[in-house]
Amino acid sequence: MDLLRSSVELDVLPAGVDVYLVEERANPSTDYFVHPACAGQGRRLHRCLFDDPPPEVSLANAVVVFVRYIPPLWRRKVQAERTGMAQLVFFMDDDVLDPAAWDDMPWRYRYKLYRQAARHAGWLQKVDAQLWVSTAWLQKKYAAWSPCGWSRGRCRARRARAASSITAAPRIAPRSAGCVR
């Protein structure tokens, strides 16, 4: 993990902004991929669960990272404030956007994937969300979206980006009563 933490950060997010990591529940992929990519450079990280309402403050100049799924309250908040946001990201570690990839899954899980991920794919593209994926296979499959994918412990975007190392420990807002500002 130390090797990953010391090498994963690319200039994929602006420095000094609030970053809201929105996930259904604590997720190892968030810890392994997303959190290290968002940490550092003066960013303030806020881990938010689906049950946490979006912050009442404006998302102006903030980054929202959806991990695998998109909760309705957060989608409405982002939709209302997208033009003022610094960036919107959708991260997936499995192919949650393509129903053809779910053939062997139980129907309840397929329904969940459709309801919480796949049906939002068009909206994500319309609002110019950046796609982050965990594998080279997903990066190749969604190449038209120019995703940022992980390879050898680094987030490699299709567009050229300057690399930098993480020099400070990430600052995470404490989680007391919901998603904390």
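**Aromatic pairs, helix faces and a glycine**

Modeller: One aromatic cluster is formed by Tyr32, Phe33 and Phe91. Keep in mind that this is a predicted model.

Colleague: How many aromatic pairs does a search of the whole structure find?
Modeller: Four. One of them is Phe33 with Phe91, a tilted pair with 5.8 Å centre to centre and 35 degrees between the planes.

Colleague: Which parts does that pair tie together?
Modeller: Phe33 belongs to helix H2 (residues 28-38) and Phe91 to strand E4 (residues 87-92), so the pair links parts 58 residues apart in sequence.

Colleague: Are Phe33 and Phe91 buried or exposed?
Modeller: Both Phe33 and Phe91 are buried.

Colleague: What about Phe50 and Tyr69, how are they arranged?
Modeller: Phe50 and Tyr69 make an edge-to-face pair, 6.5 Å centre to centre with 80 degrees between the planes. Phe50 sits in the loop between strand E2 (44-49) and strand E3 (63-67), and Tyr69 in the loop between E3 and helix H3 (72-81), so this pair ties together parts that are 19 residues apart in sequence.

Colleague: Why does Phe50 count as buried?
Modeller: Because its relative accessibility is 17%, and buried means under 20%. Tyr69 counts as buried too, at 4% relative accessibility.

Colleague: Let's move to H3. Which of its residues are buried?
Modeller: Trp74, Lys77, Val78 and Glu81 are the buried residues of H3. Seen down the helix axis, they fall within an arc of 95 degrees, so they line one face of H3.

Colleague: And what is on the face of H3 turned away from its buried side?
Modeller: That face carries the exposed residues Arg76 and Ala80.

Colleague: What covers the buried residues of H3?
Modeller: The cover includes strand E1 (18-23), E2, E3 and E4, along with helix H5 (121-126).

Colleague: Now the strands. In what sense do E1 and E2 pair?
Modeller: E1 and E2 pair in the parallel sense, over six bridges. As an example of a bridge, Val19 has Leu45 in E2 as its partner. Together with H2, these two strands make a right-handed β-α-β unit.

Colleague: Where is Gly16?
Modeller: Gly16 is in the loop between helix H1 (2-7) and E1. At 36% relative accessibility, Gly16 counts as partly exposed.

Colleague: What is Gly16 in contact with, leaving aside neighbours within four places in sequence?
Modeller: Gln41, Gly42, Arg43 and Arg44.

Colleague: Zoom out for me. How many helices and strands does the chain have?
Modeller: The chain has six helices and eight strands. From the N terminus on, the order is α-β-α-β-β-α-β-α-α-β-α-β-β-β.

Colleague: What share of the residues is buried?
Modeller: Of the 181 residues, 50% count as buried. The chain exposes about 9,200 Å², and carbon and sulfur atoms supply 52% of that area.

Colleague: And the contacts along the chain?
Modeller: Among contacts between residues at least 6 apart in sequence, 69% join residues at least 24 apart.

Methods
Residues numbered from 1 in each chain as written. Predicted model: local features only at pLDDT ≥ 70, side-chain atom pairs only at ≥ 80, totals over all residues. Heavy atoms only, no water. Phe/Tyr/Trp six-rings, centres within 6.5 Å; stacked < 30°, edge-to-face > 60°. Helix = DSSP H or I, 4+ residues; strand = E, 2+ residues; numbered from the N terminus. Buried < 20%, exposed > 50% of the residue type's maximum accessible area, 1.4 Å probe, protein only. Arc of directions from axis to C-beta. Contact = heavy atoms within 4.5 Å. Areas by Shrake-Rupley, 256 points an atom, 1.4 Å probe, with all protein chains shown as cover. Pairing = 2+ DSSP bridges. Right-handed = clockwise from strand over helix to strand, strands pointing away.
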